[in-house]
Amino acid sequence: MNYNPEKDYLSIDIGATYTKYALIDHSGSLKVKSQFSTPRDSVDNFLKKLYSVINEVLPNIKGVAFSVPGRIDQKEQIIYHGGSLPMLHGLSLSKIISSRYNLPVSMENSGKAGALAEFWLGNLKDIKNGAAIILGTAVDGGIILNGHLWHGTNAQGGDLSFMLSQINGAPEDPENLMFTSGSAIKMIDKIATALEFPDRTDGMRVFKAIENGEPTARKIFDQYCRRIAYMIVNIQAVLDLSRYVIGGGISSESILVPEIKHQLQLLRDENTLLRKTLDAPEILTAHFKSDANLYGALYNLLLQLDDEDLIPNTETKSKDSSENPS
């Protein structure tokens, strides 16, 4: 990374396959970005790689922000479970980095970071009640309620991967949870396998087949989007949000959000009571797409540093038209 700012923040998005990192200033201007393959063999090698990245930019940064998989104990700054990286379980990552470099450090769950990015500068800006759905290896999510990120009792609010996706599956069937049935990676693999593509991770070729109307690819894709629409209906029935944004790598595909909206409309058309009772929310593509976690991780740090200039004024009029003035 060849950049010499006066002082920026280093934002690091730890993923199952790649870890992305970027220098971003306090206003959300991304200066430079890079990535490396996430070491999965040991925590020691993982930390050594992080140290090398931080050492490279250390003179130019005034804080480090992490987006990580798993449940984050914000008080103790400990990662639990680690999501797709179970080796992170029990790791006090921010304390390790803060102690080593004497810098302010924060951590947030990847789905919640995605929601914070959209709430700060993206398509949830000025939305009092909304959600981000991040489609990738699993289904990450973050929920904004009354102008604040909702963590829940056990810091698991918005963990959409653990929503049930079917009621008649066999015990331990991975398709029972949205973790698998809502996985964009699994959907791509399923289509590539059905069409006998040599590379089962070739998302570009898979989406080309979908766009060309290949029957098997189209059927699997439509079923996938219907599952996401089901999830939105169920969240909506409980939380009554005004807007959902869809992020993750596949959100850059122009056919994704229109098909989710189409499947949502079909669900409403098939159920008169649903259509008459529940208002349909807005569904948009996330502004930051696959970079959302980098921005959201930084915003989480800025909030912890009490940068009042960057905290939205939730007292101002919201775009949530469902407000009851009484």
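These legends describe close-up views of a predicted model.

**View 1**

**View 1. Pairing of β2 with β3.**
Strand β2 covers residues 18-24. The β2 and β3 pair is antiparallel and holds 7 bridges. Within the pair, Y21 faces S34 of β3 as its opposite residue. In a regular strand, side chains alternate between the two faces of the sheet.

**View 2**

**View 3. The α3 and α10 contact.**
Two packed helices are described by the angle between their axes and the distance between the axes. For α3 and α10, the angle is about 80 degrees and the axes are 7 Å apart. α3 is therefore roughly perpendicular to α10. From α3, the contact takes in S110, A113, G114, L116, A117, F119 and W120. These meet a set of α10 residues that includes A292, Y295, G296, Y299 and L303. By class, the contact of α3 with α10 has 12 nonpolar residues, 5 polar and no charged.

**View 4. F119 in its surroundings.**
F119 sits in helix α3. Its relative accessibility is 7%, so F119 counts as buried. F119 is also one of the α3 residues that meet α10. I144 lies 25 residues from F119 along the chain, yet their C-alpha atoms are separated by 7.9 Å.

**View 6**
Strand β9 (residues 139-145) is mostly covered, with 5 of its 7 residues buried. Strand β8 (residues 130-135) pairs with β9 in the antiparallel sense, over 6 bridges. I134 has D140 of β9 as its bridge partner. The hairpin from β8 to β9 passes through 3 residues. β9 also runs antiparallel to strand β10 (residues 148-149), joined by 2 bridges. Here L145 stands opposite H148 of β10. The hairpin of β9 and β10 has 2 residues between the strands. In its turn, N146 has a positive phi of about 50 degrees.

**View 5. Packing of α5 against α7.**
Helix α5 spans residues 184-194, and helix α7 spans residues 215-239. Their packing angle is about 160 degrees, and their axes are 9 Å apart. α5 is therefore roughly antiparallel to α7. The crossing of the two helices is right-handed. On the α5 side, A184, M187, K190, I191 and A194 make the contact. The α7 residues they meet are T216, A217, I220, F221 and Y224. By class, the contact of α5 with α7 comprises 8 nonpolar, 1 polar and 1 charged residues.

Conventions:
Residues are numbered from 1 along each chain as its sequence is written. This is a predicted model: local features need pLDDT of at least 70, side-chain atom pairs count only at pLDDT 80 or more; totals for chains, interfaces and linings use all residues. Side-chain values use heavy atoms; hydrogens and water are left out. Axes are lines fitted to C-alpha atoms, for helices over the stretch in contact, and angles run from 0 to 180 degrees between N-to-C directions. Helices (H or I, at least four residues) and strands (E, at least two) are DSSP runs, numbered from the N terminus. Angles under 35 degrees count as roughly parallel, over 145 as roughly antiparallel, 65 to 115 as roughly perpendicular and the rest as oblique. A crossing is left-handed if the near helix is turned anticlockwise from the far one by less than a right angle, and right-handed if clockwise. Contact means heavy atoms within 4.5 Å. Ala, Val, Leu, Ile, Met, Phe, Trp, Tyr, Cys and Pro count as nonpolar, Asp, Glu, Lys and Arg as charged, and the others, Gly among them, as polar. Two strands pair if DSSP finds at least two bridges between them. Buried means under 20% relative accessible area, exposed over 50%, partly exposed in between (1.4 Å probe, protein chains only).
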